[in-house]
Amino acid sequence: MQRRTLGSTGPTVSELGLGAMGMSGAYGAADRPESIATVHAALEAGVTLIDTGDFYAMGHNELLLAEALRGRDRDSYQLSVKFGMLRGPGPDFGGHDGRPEAVKNFLAYSLTRLGTDHIDIYRPARLDPAVPIEETVGAIKEMVDAGYVRHIGLSEVDAATVRRAHAVHPIADLQIEYSLISRAVEADVLPTLRELGIGLTAYGVLSRGLISGHWTAERSADPDDSRSRSPRFSGGNVEHNLTLVEALRRVAEAKGCTVAQLAIAWVAAQGADIVPLVGARTRERLTEALPATELDLTADDLAEIDKAVPPGAARGDRYPSAFMSGLGVGN
């Protein structure tokens, strides 16, 4: 697998990363042995970047990764960790905490759960509106100076916040949703990242499976699956959105690949400074995703893809309304 460097100061990582959130129940029950086997298969295929969050099932995901990575050369992979989302014992979220003292507290717990002495990229999951980003990033900088963190990242913030954070300490990358049906990042944020020499790690490249080619209008998400509360999967919206997938399927068939491979390759083709995160939680889905790195999309291919899925064509917000207000960009 080829490598890409995250910005001018960030680490060199695999051109595809593995997003581990789905391995901790975000989309319904997950199979622990299969999740661990999927991490192993990703590493063996050359994937080095693994993304998690300390709030994914309240630490479950970090403990799972610690088990999957045990015995591996620590320099053979990079861990990207998000922090700051507050959770209760149930499904509800309780806001964000970016205070300097909280940053160090969250980091201490993550280091212990992951069984490591450092985090490669550490980032607030969302902007805490009550704490200036300069204070949050300043606290992470102290942890960089102390050797506990290698690089600082951001997640789901706007261009102005990126500039303010980068003035405190070089930012390696911004993690943000970016897919064929979530392109708001292109207007202001992506040009700002490129101006400042900051990479982008794109999550949601298959829009939580909606544009994977495997979702159907007849399928319904279980109550414990977050997609059951997603506007893009709701009745009326999902049927329209799947017509876009069928148009994309025709392009994929002509290209000799699957819909998922085409959607992942499209994100990767938007620039060598972008690393798509694939949220595979089984070896089957990982095996399907990996060949996307071998797809060479021509200008004609990209034009056909844009024709099949024009910018802004999807219906429904990418998150429930309660979450949209905490995002730096829209859909």
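Start at glycine 71, which follows H2 and has a positive phi near 90°. This is a predicted model, with pLDDT of at least 70 needed for local features and 80 or more for side-chain atom pairs, while totals for chains, interfaces and linings use all residues. Numbering runs from 1 along each chain as its sequence is written, and side-chain values use heavy atoms, without hydrogens and water.

Select H2, residues 60-69. Helices here are DSSP runs (H or I, at least four residues) and strands are E runs of at least two, numbered from the N terminus. In H2, 7 of the 10 residues are buried, so the rest of the structure largely encloses this helix. Buried means under 20% relative accessible area (1.4 Å probe, protein chains only). Color Asn61, Glu62, Leu64, Leu65, Ala66, Ala68 and Leu69: these are the buried ones.

Now show the cover. It includes helix H1 (32-44), strand E4 (49-53), strand E5 (78-83) and helix H3 (100-114).

Keep H3. Its axis is 7 Å from that of H2, at an angle of about 35°; axes are lines fitted to C-alpha atoms over the stretch in contact, and angles run from 0 to 180 degrees between N-to-C directions. Glu62, Leu63, Leu65 and Ala66 of H2 meet Ser110, Arg113 and Leu114 of H3, with contact meaning heavy atoms within 4.5 Å.

Next, select Leu16, Gly17, Leu18, Ala42, Val47, Val278, Leu286, Ala289 and Leu290, which line the second largest cavity. A cavity is a set of points on a 1 Å grid over the protein atoms alone where a 1.4 Å probe fits but cannot get out; lining residues have an atom within 4 Å of a point.

Notes: Buried < 20%, exposed > 50% of the residue type's maximum accessible area, 1.4 Å probe, protein only. 1 Å grid on protein atoms, 1.4 Å probe; cavity = no way out; pocket = protein on both sides within 12 Å on 5 of 7 lines; lining within 4 Å.
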